Amino acid sequence: MAECAPWASDPARSRGRLHPEESADRGPRDAFQRDRDRIIHSISFRRLRHKTQVFLAPDGDHFRVRLTHSLEVAQIGRTIARVLGLNEDLTEALCLAHDIGHPPFGHAGEDALRQAMRDAGGFDHNGHTLRTLMRIERPYPRWPGLNLTWETLEGLAKHNGPIAVPPWALAAADAEARLELTSHASLEAQVAALADDIAYDNHDIDDGLRAGLLTLEQIEAVPLVADGWRRVDARFPDLPRERLAGELIRSQIGAMVNDLIAESRARIADAAVGSVEDVRAAGRALIGFSPAMATAERTLKRFMYANLYHHPRQLEAASAAQRVVSALFAAYRGDPGLLPEEWRLRLPKGEPGVSRHIADFIAGMTDRYAVSRYREVVGPIDLPEGF
């Protein structure tokens with residue numbers, strides 16, 4: 001790895017881990033590299049391969065799931081971090097872990113869990129990421145969680161910006177790790193947040209086209225995409241348009257990455273930061289798109305919500321997913337004895353602990369396991385085609 005800039009997070013100056021660890025010969029890895037590896041080796045990370053990204057329980061091998069999305073985010077994040085002189089390993093760890101708190105069926109599943117948990121503090125996937133990595137994962141014999149560094153926990157908590165009123169799960173993580181929620185996070189965390197946007201903005205177009213829910217004519221009406229089409233058409237004037245979709249996605253990712261790098265360099269220089277402490281005290285995000293690109297990206301998002309995420313076929317699948325999650329929660333809340341033995345043995349006494357424990361179990365499910373458990377504890381269900 002190239003030498004990092006003064007404002008990059010330094011593993012040698014990490015604030016450390018919650019639980020002291022015995023020294024052991026585990027290879028020449030620094031603290032952030034260990035965090036990344038712990039995330040990759042975790043059960044919750046492996047489960048992402050069967051959790052929804054855009055299409056619920058996809059039966060096609062070519063659609064993205066949470067796992068492949070996270071890998072794509074990490075690739076984009078590392079590229080940006082390298083150019084800006086940031087710590088690539090911390091950036092990668094944050095990119096890989098940012099979606100671990102998502103329940104089955106994506107945002108449809110989260111909406112159902114939030115409603116089911118309304119009397120127990122609600123549900124928030126970002127807070128649940130921290131809860132999963134700090135409490136639910138249990139690979140070590142002497143403490144719960146993965147015992148990640150403070151910098152990784154901080155980045156996961158507030159990669160989207162400062163948090164004035166944290167939901168209960170995030171508040172609990174903050175009470176334990178003192179994550180300074182009202183300040184901005186490291187530049188590595190800010191890069192991870194924008195790498196996520198770049199990845200799903202573009203790869204969801206790719207999946208939407210592949211599924212037949214979007215057409216080339218539709219997306220060409222979006223200004224950002226239209227600019228990309230002009231670049232691609234100029235380079236490949238003799239090829240049929242259907243052959244150029246992949247090149248459009250690559251071109252658009254490149255344009256967004258280049259814009260973000262140029263704008264972020266200017267912000268860092270303008271803020272005159274000289275350390276990671278200066279980054280947290282800057283009072284604003286130092287990683288971001290230019291005003292023109294930010295406007296174009298918001299326009300693209302509005303288009304995607306109207307034409308893909310809220311497509312009638314997607315809404316039908318989301319409705320079925322919400323029924324699955326809601327019914328599972330009601331079944332387990334009505335009879336916690338239906339939980340698997342290892343979850344029954346750790347069942348808290350009284351509320352809101354019981355409801356939160358049940359939500360932990362459901363949030364960890366993959367799409368297909370949730371459907372399987374529904375049929376086991378609730379009964380038959382008619383699901384949309386391809387579910």
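**Charged pairs and a patch**

Modeller: In this predicted model, Arg 210 forms a salt bridge with Asp 206, their closest N and O atoms being 3.9 Å apart.

Biologist: Why is the contact of Arg 210 with Asp 206 called a salt bridge?

Modeller: The cut-off is 4 Å between a side-chain nitrogen of Lys or Arg and a carboxyl oxygen of Asp or Glu. The closest N and O atoms here are 3.9 Å apart, so the pair counts. Both residues sit in helix H9, four residues apart, which is about one helical turn.

Biologist: Is Asp 206 buried or exposed, and what makes it so?

Modeller: Buried means under 20% relative accessible area. Asp 206 has 17%, so it counts as buried. Arg 210 has 44%; that falls between 20% and 50%, so Arg 210 is partly exposed.

Biologist: What do Arg 36 and Asp 89 tie together?

Modeller: Arg 36 and Asp 89 form a salt bridge at 2.8 Å. Arg 36 lies in helix H1 and Asp 89 in helix H4, so the pair ties together parts 53 residues apart in sequence. Asp 89 has a relative accessible area of 3%, under the 20% limit, so it is buried.

Biologist: Which residues gather in a patch of positive charge on the surface?

Modeller: Arg 46, Arg 47, Arg 49 and Arg 368 do. Patch residues need over 30% relative accessible area. Arg 47 has 37%, so it passes that cut-off. Arg 47 is in helix H2.

Conventions: Residues numbered from 1 in each chain as written. Predicted model: local features only at pLDDT ≥ 70, side-chain atom pairs only at ≥ 80, totals over all residues. Heavy atoms only, no water. Patch = residues over 30% accessible without salt bridge, like charges linked within 9 Å, V, L, I, M, F, W, Y side chains within 5 Å. Areas by Shrake-Rupley, 256 points an atom, 1.4 Å probe, with all protein chains shown as cover. Lys, Arg positive; Asp, Glu negative; His and termini not counted. Charge placed at Lys NZ, Arg CZ, Asp CG, Glu CD. Helix = DSSP H or I, 4+ residues; strand = E, 2+ residues; numbered from the N terminus. Buried < 20%, exposed > 50% of the residue type's maximum accessible area, 1.4 Å probe, protein only.
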